[in-house]
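Biologist: Could you open the model for me, so that we can go through it together?

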Amino acid sequence: MKEITRIHIAKVAYDIELAAKKELESYMAELENYAGDTEILQDIELRITELLEERHVNAAGVITTEDVAAIRGQLGEPQDFADTDGEVDMQTAQTKPSKRLYRDEDGALLGGVLAGCAKYLNVQAVWVRLAFVLIAFMSFGTALIVYVVMWIIVPPARTAAEKLALEGKAATLSAIKERSAQIAQSASTKATARIVRDVMLFCLGLFCTGVAILSLLATIAGGLFLLTGGIGVFGESLPSEYFAVSSGYHVAASVLFIVSGVLFTILSSLLAIAAFRRVWTKRLGISVAAVVAAGIAAFATAFVPLVFGFWYTDHTIQQSYVTTQHELPESFASTSQLVFDLRDVSLAGTPGVVYTVSDTVRYELKAPDTMNLDFEVTQKGDVATMTLRMTEESMWRHYQEPMVYVYGPELDSLLVRGGTMKYVTKGQDNVSLDAQQGATIIVEGIYESVAAATEQNSSVLLDRATVQRLTAKNQGGWIEAGVVRTLDATQPTTCPAEYHEHQNAITLAGITGTTLRYNGTDMSTTGIDEVEQPCGQVTIDD
């Protein structure tokens, strides 16, 4: 049986055999005589705790004489601290050192993470910093979070033994002494680096403060916007029916978005405080990590009620839709010219009105049961005029609108004012289409001849139709067609100063004829893919 006692090495308590304690005390006394520096002795004690841990002797463990002998063999003899060069113990030199990652505060510009990685990898710090900047841009800032986490969990290399371990060098007595001398000599260099770091931290603090203020203002404004739907704050920017139908889901999503904004403000404030104080503690790091995790969770969770709220709103609106069938006057069967006025109501989708050539004469109206509409039909000879208007404001006006399906005779002429309308037939010889006041006419079917006319901001789309001959009169709009045999195009030669290329444009998928007529002049189609003048263009995409 061996007697043991309690000692402290670098503030770590161990049990130790009495014989081992005498050997260790003798060894430390000799080191103190040769070293003459308390800081070096502190580094040696820290190194001894590391060596004990490698030998599986942790705090409160028992140190034996074999452990002391092994420590002495790895660290070296006290004579290594003599002014004259001494030979390093061969066993120590042959011991393969193990690298450990630390933050290098000596070469740090901020937290020493990148400088420590550079020394650990044995490369210049500038290359690691350039690589980090590149990765930060490519990861959209995610690398900054990794930097902060490493700043929290990676300890700094403060002692000579830790600095040697960072470089993968053996922490022998002579190496510790040499590194301690280098640390003392680099005091001026560290002072310069500290000034640069302090300036950078101050700038970072100002930046984080500005971000915190902007985040707070944005959270307040965004909170008012979300909770009120913009009504009375920024105008009616969001559909009011969404808030009327799914107010509970909307409020839940808004609160979570506001919470995430507040947490981002807190995060910016914590980073600003840390930058101004030039101190980063584990407590602060844990707080930052908790705020980041809570913010990401709140922001991501907010989309659940938001998406479900929109789905519930759309489902509720669709459930409220009612389709009603109405008869048209018998005289409508003789209609060959139709004027459709859609300027007083917005229509859902593209198109909002579908006219289908049919033997029957009727129309269907699909709209929410809360919407009050007036559909008026007037007949004068073979000319019919249809007008759709909303008699009073509906809560669905800005979200879902009515659809109109008209069934009637084949038309020779169709004029649409405002809105979007589709004309569908299996096939006919001739039809004239006129889009006015921002209207869009979509045509399907097979036609021998089509005359299309547009004015500014209006369009006729024939790309879903088969057309043999196309006569296009374009006055500031857009006409699009598939492959045609002949084209007779007319466009203005004068235009306003704010003219854009997408205005006065005629686009064809192709032309099979050998000539086309443009503004009254015949032109060969051979090798031509565009006809352009200052106020209009014809594009042929072969």
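Biologist: Where is Glu410 found?

Modeller: Glu410 is found in the loop between β10 (403-408) and β11 (413-417), strands here being DSSP runs of E with at least two residues, while helices are runs of H or I with at least four, all numbered from the N terminus. This is a predicted model, in which local features need pLDDT of at least 70 and side-chain atom pairs count only at pLDDT 80 or more, while totals for chains, interfaces and linings use all residues. Residues are numbered from 1 along each chain as its sequence is written, and side-chain values use heavy atoms, with hydrogens and water left out.

Biologist: Is Glu410 buried or exposed, or partly exposed?

Modeller: Glu410 is partly exposed, with a relative accessible area of 37%; buried means under 20%, exposed means over 50%, and partly exposed lies in between, with a 1.4 Å probe and protein chains only.

Biologist: Which residues gather with Glu410 in the patch of negative charge?

Modeller: Glu410 gathers with Asp382, Asp412 and Asp429 in a patch of negative charge on the surface. Such a patch is made of residues with over 30% relative accessible area and no salt bridge, like charges being joined within 9 Å and nonpolar side chains (Val, Leu, Ile, Met, Phe, Trp, Tyr) within 5 Å.

Biologist: And how many salt bridges does a search of the whole structure find?

Modeller: The search finds 12 salt bridges, each being a side-chain nitrogen of Lys or Arg within 4 Å of a carboxyl oxygen of Asp or Glu. One of them joins the side chains of Lys119 and Asp104, at 3.5 Å from N to O. Lys119 lies in helix α5 and Asp104 in the loop between α4 (90-94) and α5, so the pair ties together parts that are 15 residues apart in sequence.

Biologist: What else is buried in helix α5?

Modeller: In α5, which covers residues 113-121, the buried residues include Val113, Leu114, Ala115, Gly116, Cys117 and Ala118. Just after this helix, Asn122 takes a positive phi of about 60 degrees.

Biologist: Back to charges: which residue forms a salt bridge with Asp374?

Modeller: Asp374 forms a salt bridge with Arg389, and their closest N and O atoms are 3.9 Å apart. The pair links distant parts of the chain, since Asp374 is in strand β8 (residues 373-380) and Arg389 in strand β9 (residues 383-390), 15 residues apart. Asp374 counts as partly exposed at 29% relative accessibility, and Arg389 is partly exposed at 28%.

Biologist: What about Glu448?

Modeller: Glu448 forms a salt bridge with Arg485, with the closest N and O atoms 3.7 Å apart. Glu448 is in strand β14 (residues 440-455), and Arg485 is in the loop between β17 (478-484) and β18 (486-490), 37 residues away.

Biologist: Which strands does β14 pair with?

Modeller: Two strands pair if DSSP finds at least two bridges between them. Among the partners of β14 is strand β16 (residues 465-475), paired in the parallel sense over 10 bridges, with Thr454 having Asn474 as its bridge partner in β16. Strand β13 (residues 428-436) pairs with β14 in the parallel sense too, over 7 bridges, and there Asn430 stands opposite Ser449.

Biologist: In what order do β1, β2 and β3 form their sheet?

Modeller: These 3 strands form an open sheet in the order β1-β2-β3, with mixed pairing. β1 (4-9) and β3 (62-63) stand at the edges, each with a single partner strand, so one side of each is left without a neighbour in the sheet.

Notes
Areas by Shrake-Rupley, 256 points an atom, 1.4 Å probe, with all protein chains shown as cover. Lys, Arg positive; Asp, Glu negative; His and termini not counted. Charge placed at Lys NZ, Arg CZ, Asp CG, Glu CD.
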